[in-house]
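Welcome to my notebook. I am writing down what I looked up, one entry at a time.

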Amino acid sequence: MAKGLQRKGIARRNNMLHVAIGLFLENGYEKTTTASIAKGAGMAPSSFFAAFESKEALLLTLVKIMFSNQFESAGQFGGVTEDPVLLYSIETALQIYIAELSEPLRELYVAAYSLPTTSEYIYDSMAPRLQKLFSRYLPEAELKDFYEMDIASAGIMRAYMAKKCDMYFTIENKLTRFLQSSLTLYSVPKQVQSQITDCILNMDLRSYAEQLIQKMVQIAQAGIPLVPEE
């Protein structure tokens, strides 16, 4: 019985997540209410809180899924690369492109980098990854140092995502400025920064970002399980 109830709860969470993705993509994070998510899932408004403590808690679950898929997607796009700086640059550039191509996703990313639980998850999960990526340039830095540096680099990311490109501040300028700022933070030499930036600007990341957005839409429409059953 307990296992059946657990599966029912997981199914409810998956249903809520799919509806939330669709509503976030359509209306943005702020305008999407817990009541509208529950209604879209065919449940009473109060049923939302049987699945998630709050809308921020749902976003945290979604952020965990998005970031996990993001790293995998960057690796697939870049192929098998032994250059950790290039991999980091692809990952972050894809986030910036996705935010630029979709206004609701821009809002979703900015919320993820701003809210207490989601931003803390980003710092905690990224710190060991950053240590692995940039330890060659910062051999004496400890995990706590990368955690503290990620607070800064995540702040840079949030600011660049929030600022929409225009005819003066183009996507090329945004990517260049972001990579210069973040890679300098992690003590990457200027020559390497220049090589990496040129490489990123010559990649067709826009088309790949469009594919990733479409994949999100398909996941929401198809009802593919996001939280695995145990």
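**Entry: a pair of helices.** I began with α5 and α9, which are oblique to each other, because angles under 35 degrees count as roughly parallel, over 145 as roughly antiparallel, 65 to 115 as roughly perpendicular and the rest as oblique. The axes of α5 (residues 84-101) and α9 (residues 171-185) cross at roughly 140 degrees and come within 11 Å. Axes here are lines fitted to C-alpha atoms, for helices over the stretch in contact, with angles running from 0 to 180 degrees between N-to-C directions.

Which residues make the contact? On α5 I found V85, Y88, S89, T92, A93, I96, Y97 and E100, and on α9 I171, K174, L175, F178, L179, S182 and L183. Contact means heavy atoms within 4.5 Å. These residues divide into 10 nonpolar, 3 polar and 2 charged (Ala, Val, Leu, Ile, Met, Phe, Trp, Tyr, Cys and Pro count as nonpolar, Asp, Glu, Lys and Arg as charged, and the others, Gly among them, as polar).

**Entry: ground rules.** This is a predicted model, where local features need pLDDT of at least 70, side-chain atom pairs count only at pLDDT 80 or more, and totals for chains, interfaces and linings use all residues. Residues are numbered from 1 along each chain as its sequence is written, and side-chain values use heavy atoms, with hydrogens and water left out.

**Entry: the whole protein.** I listed 11 helices and 0 strands; these are DSSP runs, helices being H or I with at least four residues and strands E with at least two, numbered from the N terminus. Buried residues make up 46% of the 230 residues (buried is under 20% relative accessible area, exposed over 50%, partly exposed in between, with a 1.4 Å probe and protein chains only).

**Entry: cysteines.** How many disulfides does the structure hold? I found 0, a disulfide being a pair of cysteine sulfur atoms within 2.5 Å. C165 is buried at 19% relative accessible area, whereas C199 counts as partly exposed at 30%. C199 sits in helix α10 (residues 190-201). Its C-alpha is separated by 9.6 Å from that of I90, 109 residues apart along the chain.

**Entry: Q218.** I found Q218 in helix α11 (residues 205-222), partly exposed at 43% relative accessibility. Q218 and G22 are 9.5 Å apart, C-alpha to C-alpha, and 196 residues apart in sequence.
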